[in-house]
Amino acid sequence: MTILVTGGAGYIGSHTCVELLQKGYEVVIADNFVNSSMDVPERIARITGKMPKVFELDVADSHALDLVFAENHIGAVIHFAGLKAVGESCQIPLRYYRNNLDTTLTLLETMERHGCKKLVFSSSATVYGPKNECPYTEDMPTSATNPYGWTKVMIEQILRDYCAANPEFSAVLLRYFNPIGAHESGLLGDDPNGIPNNLMPYVARVAAGQLPRLTVFGDDYPTRDGSCLRDYLHVVDLAKGHLSALEYAASHTGAEAFNLGTGEGISVLELVHSFQEVNGVPVPFVIGGRRDGDLAEVYANPSRAREELHWTAEKTLDDMCRDSWHFIQTRKAER
Ligand code: NAD
Ligand code: UFG
């Protein structure tokens, strides 16, 4: 079966392409490379021995997307393409709404024209908003605190409405918690442009001497060590979750949401200590003030994914720290 992977050159998309190719799927990537590097498909090929087909296009461009469907027999789509920086989404909200909603609407219209009825969508734990209590379960009400989060809430609603009107359609809404880590080859990982916003790429760059120190955003939260708890999961485990979602979509219809997380909250300070210990490198840090909008704890109840997708996260925090460090060192050596 051929899978169209929108945003397949990005962090999670590229790892998912590797897993798909290794399982024998044909892969077609559609990406405009707004937040990824043109050499990613070739890196995927170095790992898997197979070059995915690549279309450089904006997924909101319906003519370009039509050609992809016309030239390839697409059996299902995994839709990663989107902008994802929470802070930036507050500064340029229209760009986020335009990009994230338009890509999804154009994709659905194009799928409809070509009779493609299976979609796996990259949603986020951010849709649980600020009011629910952890661990989050899929039946909780959704909301958001920033434009990025609202795009995910809105797209989930669009997919529910579309499925209600099209009973043969299957939309699997995967709510990712905090993916970190990298491919064990060191060839793929999270390599943001500029100064990272997210914890793990920041920690890795401090350890590599590319940034002077980490600021831990707050140690006065009501958690076991005062720093925030997050549900970190290895990006390769997350990538494998998409294969489980495709199998689920093959035998189910309707819009269904699944948490992809470990179910365990790890604190910022615990992550920093593990990184130092596993890799034997210092990560200098200072304690700073709280970051606007941060919640004290965010972690999943992952039972539904375990029971219905037959998926569980297997890799440990040590694996995540080791692979992130290996990736940044490989990157450094390449430059
Ligand atoms: P990423 O930025 O690395 O990957 C997204 C890819 O989409 C990039 O390659 C980018 O160039 C491409 N893209 C963006 N807009 C496009 C457009 N209009 N047309 C074509 N390509 C476009 O991000 P990621 O971390 O791999 O995240 C993938 C998806 O998962 C996103 O939808 C994101 O919101 C979601 N998600 C990510 C996280 C996380 O922590 N990384 C958490 C929850 C949800
Ligand atoms: N943190 C620091 N210092 C830093 C960066 C982060 O202390 O320099 C802390 C944050 O305060 C937070 C934790 O590390 O407590 C994790 O922060 P991230 O920015 O890595 O991740 P978030 O949980 O804030 O957000 C991530 C994605 C969102 C997604 C959300 C889903 O960035 O897109 O997970 O839970 F919506």
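Contact here means heavy atoms within 4.5 Å. Everything below comes from a predicted model, where local features need pLDDT of at least 70, side-chain atom pairs count only at pLDDT 80 or more, and totals for chains, interfaces and linings use all residues. Residues are numbered from 1 along each chain as its sequence is written, and side-chain values use heavy atoms, with hydrogens and water left out.

**View 1. Helix α7 (residues 199-207) sits largely enclosed by the rest of the structure.** Nine of its nine residues are buried, where buried means under 20% relative accessible area, exposed over 50% and partly exposed in between (1.4 Å probe, protein chains only). Helices (H or I, at least four residues) and strands (E, at least two) are DSSP runs, numbered from the N terminus. The buried set includes Tyr202 and Arg205. Packed against the buried residues of α7 are the strands β7 (178-180), β8 (214-217) and β10 (232-234), along with helices α9 (268-279) and α11 (317-334). Just past the end of α7, Gly209 takes a positive phi of about 80°.

**View 2. Helices α5 (residues 93-113) and α6 (residues 147-165) pack together.** Axes are lines fitted to C-alpha atoms, for helices over the stretch in contact, with angles running from 0 to 180 degrees between N-to-C directions. On the α5 side, look for Tyr96, Leu101 and Leu108, among others, and on the α6 side for residues including Trp150, Met154 and Ile158. By class, this contact has 14 nonpolar, three polar and one charged residues.

View 3. A disulfide is a pair of cysteine sulfur atoms within 2.5 Å. For Cys90, the closest cysteine sulfur is in Cys228, 17 Å away and too far for a bond. For Cys228, the closest is in Cys134 at 11 Å, again too far. Cys90 is partly exposed, at 47% relative accessible area, whereas Cys228 counts as buried at 5%.

**View 4. Arg304 lies in helix α10 (residues 303-309).** Is this arginine buried or exposed? Arg304 counts as buried, at 19% relative accessibility. Leaving aside neighbours within four places in sequence, Arg304 is in contact with Glu138, Tyr248, Glu256, Ala257, Phe258 and Leu309.

How values were computed
Chains are lettered from A and ligands numbered from 1 in the order in which they are written. Ala, Val, Leu, Ile, Met, Phe, Trp, Tyr, Cys and Pro count as nonpolar, Asp, Glu, Lys and Arg as charged, and the others, Gly among them, as polar.
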